[in-house]
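Subject: Structure for your review

Dear colleague,

Please find below the structure that I am handing over to you.

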Amino acid sequence: MGWNRKVLRVDLTAGTCKAEPLNMEWADEYLGSRGLATKYLVSEIDPKVDPLSPDNKMIMSTGPLTGTMASTGGRYTVVTKGPLTGAVACSNSGGFFGAEMKFAGWDMIIFEGRSPTPVYLYVENDKAELVDAADLWGKSCWETEEAIKHHHQDPLIRVSSIGLAGENQVLFACIVNDLHRAAGRSGVGAVMGSKNLKAVALRGTKGVSGIKDMKAFMKITNEKKKILADNAVTGQGLPKYGTQVLMNVINEIGALPTRNHKDVQFEDAGKISAEAMHEVRPTDGKPQLVTNAACFGCTIACGRIAEIDKGHFTVVNNPKYWGASGGLEYEAAWALGAANGVGDLEALQYANLLCNEQGMDPISFGATIGAVMELYEMGVLTKEQLGTEAPFGSAAALVRLAEMTARGEGFGKEIGQGSRRLCAKYGHPELSMTVKGQEFPAYDARGIQGMGLAYATSNRGACHLRGYTVASEVLGIPVKTDPLTTEGKPELVKAFQDATAVFDAAGICVFTSFAWTVADVQPQIEAACEGDWSMEKLNAMGERIWNMERLFNNAAGLTSKDDNLPPRLTTEPAKTGPAKGLVNGLATMLPEYYKLRGWTPDGVPTAETLERLGL
Amino acid sequence: MWKSLHIDPKKCTGCLQCEMACSVEHTGVINPSKSRIKVFSFETEGRKVPYTCTQCTEAWCMNACPVDAIRLDAATGAKQVFDDVCVGCKVCTIACPFGTVNYNQDTGKVQKCDLCGGDPACAAACPTAAITYVDADWTGLDRMRAWAAKANTAVTE
């Protein structure tokens with residue numbers, strides 16, 4: 001078995017920590033991580049609960065491959081009801097925290113209630129206790145991690161924490177672990193903040209001992225690592241350029257959303273690309289990129305470690321940002337850069353550092369600034385309100401607003417509500433580039449048609465990690481499809497959504513899917529876990545997870561009306577590039593998608609579908 | 001012919017596959033906390049450095065051991081701890097200048113790298129060849145080659 005079969009239940013209201021056995025019947029149907037934690041959540045909370053109330057729960061969960069030698073087996077997932085969307089929120093993260101949870105002997109930690117005062121959870125193998133965090137409240141994620149290690153006199157502790165953004169319940173606050181990895185999306189950090197839970201600190205020395213067949217597991221994981229090493233994307237592109245390898249590619253195909261999606265190509269894309277991060281700066285003779293880095297167990301190592309230009313206006317008087325730290329990923333570089341028309345790579349890195357330091361999702365933050373800048377240019381928002389001039393392209397405005405949002409100062413409070421609430425408040429809901437209240441990531445649905453459907457139907461709001469058809473439509477993985485047509489996209493989106501749920505439930509990184517299919521993951525699960533783990537069972541499980549999330553969202557009050565896109569993407573044609581003249585054909589794709597899913601025309605799973613999936 | 005573990009920190013990504021492999025080889029459990037090789041991360045410099053025993057010839061640990069529990073494996077050159085002799089006194093952990101021999105609470109013995117009997121699991125598991133197992137007399141070969149290549153360039157220019 002890849003599971004420890006043990007759940008830690010933390011009642012923050014009562015201040016108690018109790019061990020309970022993992023529900024193995026559910027593990028057999030939902031595997032782990034995203035699947036299993038969501039099963040626990042939907043079974044334990046009222047879907048209509050206020051996400052920031054004590055009645056919401058927050059679950060941190062590993063999968064059976066977390067903490068093992070399976071490549072990328074270091075992921076953990078945070079599942080809760082999300083404050084940004086009112087839908088299920090499910091964000092996963094790499095780094096080293098997830099593996100440590102397994103090594104301490106737990107599969108999952110369930111947080112319920114609300115602590116009367118700030119606390120953090122400290123877990124040392126079987127021992128779990130809530131510790132007063134009064135002196136940590138007000139500290140950044142970076143300071144918190146350091147302070148906890150210092151307090152316990154143990155540099156080997158792994159920490160997940162919230163910064164000021166989570167404390168202030170910024171609706172796109174994230175939970176940061178290992179300094180610059182994050183459960184980034186849907187505002188899971190705000191839920192943690194609402195519970196007065198500052199951090200979770202883990203130390204585990206038990207290891208993962210329950211692999212079903214260790215010899216077979218070592219053999220199969222080695223074979224599958226070789227596939228990653230030999231693949232052009234996972235073996236060369238990602239280690240060298242990181243996800244940023246996409247910046248120029250996506251710009252060229254006319255799918256790089258620019259200036260709040262007004263344009264689909266950014267004239268300064270090259271300046272904020274992977275290639276730019278490799279270029280030697282004339283100012284200090286160094287490139288921004290220092291090296292690549294891996295999360296636990298990852299043989300791809302796409303992570304970026306970067307060093308900001310010490311002379312840049314953002315940090316010239318602030319040495320604490322001068323050292324190497326987490327560098328720009330594609331999504332962050334796009335959201336902070338192209339989405340706002342900002343082409344200053346160093347300013348983007350500074351905003352990125354602020355997001356890591358204070359626990360803020362750079363995608364939703366950057367995309368919200370895109371809306372702010374558009375409203376500013378329209379004269380709806382003024383310099384007096386914002387505290388700064390904020391035209392598109394202003395690096396100074398970007399970094400000033402980032403500081404204000406993280407710290408909850410002035411207009412930063414309104415930015416922290418996300419673009420849907422902000423645009424609605426100022427009378428222009430149509431300018432919010434969101435689905436279900438969550439901001440788009442870095443692919444324009446006019447230039448990559450399938451992504452429009454993937455965004456509209458994503459259970460956690462607009463997201464690239466629920467059905468990444470970019471792989472097929474742009475990169476030709478597993479087969480090349482035409483990004484400019486809607487034809488065949490409903491099947492493609494459904495297939496990607498269901499397969500991704502399997503990768504997520506296993507506890508591995510979805511980036512392996514550039515080289516692996518579910519058929520590559522299956523034998524690794526089979527060797528690690530008791531029970532039958534056939535392809536048929538895993539495929540059905542992926543679809544079951546998707547439908548379980550959908551049922552929760554429907555019960556929470558979302559309907560097919562929420563499976564939509566902002567009018568800009570469906571009525572304003574792309575102005576340049578290969579997609580020039582195109583809008584997204586969501587209306588064509590959506591009915592077919594519902595039919596393929598076995599849902600009614602209103603987007604509700606039919607009784608037959610539920611029965612087929614055992615729901 | 002002996003071989004040595006050869007570590008090139010520049011190639012290390014910090015994935016900890018080596019720590020996992022070491023623990024599996026020696027304990028049967030995936031457990032980096034019981035690994036005999038450790039990867040250190042120097043965050044603000046962006047450096048990762050795997051570190052383990054270099055198998056000193058005049059090994060401090062071996063000389064300090066009062067019960068002769070640490071002995072030379074003539075086949076590999078490894079200084080090996082014999083668990084059935086070790087009394088867990090930890091004197092070797094004090095003697096070692098590099099800190100690469102450590103006490104294990106679970107066994108009550110000390111543990112250190114034993115080169116896995118001549119086929120080190122860490123080197124086999126490393127995805128980037130940051131850890132290799134090479135001719136003990138030529139651990140400098142790669143570096144010499146790199147400098148040689150530069151010298152060659154200088155001449156042709």
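In helix α18(A), the residues G450(A), L453(A), A454(A) and T457(A) meet K489(A), P490(A), V493(A) and Q497(A) of helix α20(A), where contact means heavy atoms within 4.5 Å. The residues of this contact divide into four nonpolar, three polar and one charged (Ala, Val, Leu, Ile, Met, Phe, Trp, Tyr, Cys and Pro count as nonpolar, Asp, Glu, Lys and Arg as charged, and the others, Gly among them, as polar).

Please note that this is a predicted model, in which local features need pLDDT of at least 70 and side-chain atom pairs count only at pLDDT 80 or more, while totals for chains, interfaces and linings use all residues; side-chain values use heavy atoms, without hydrogens and water. Residues are numbered from 1 along each chain as its sequence is written, and chains are lettered from A and ligands numbered from 1 in the order in which they are written. Helices (H or I, at least four residues) and strands (E, at least two) are DSSP runs, numbered from the N terminus.

Helix α18 (residues 449-457) and helix α20 (residues 489-506) of chain A pack at an angle of about 50°, with their axes 9 Å apart. Axes are lines fitted to C-alpha atoms, for helices over the stretch in contact, and angles run from 0 to 180 degrees between N-to-C directions. The angle makes α18(A) oblique to α20(A) (under 35 degrees counts as roughly parallel, over 145 as roughly antiparallel, 65 to 115 as roughly perpendicular and the rest as oblique).

A second pair in chain A is α7 (residues 214-230) with α21 (residues 518-528), packed at an angle of about 160° with axes 9 Å apart. α7(A) and α21(A) are therefore roughly antiparallel to each other.

In helix α4 (residues 141-151) of chain A, the buried residues are C141(A), W142(A), T144(A), E145(A) and I148(A) (buried means under 20% relative accessible area, exposed over 50%, partly exposed in between, with a 1.4 Å probe and protein chains only). Seen down the axis of α4(A), these residues fall within an arc of 165°, so they line one face of the helix; the arc is that of the directions from the helix axis to the C-beta atoms. On the other side of α4(A), E146(A), H150(A) and H151(A) are exposed.

Chain B holds five helices and eight strands. Of its 157 residues, 42% count as buried.

Yours sincerely
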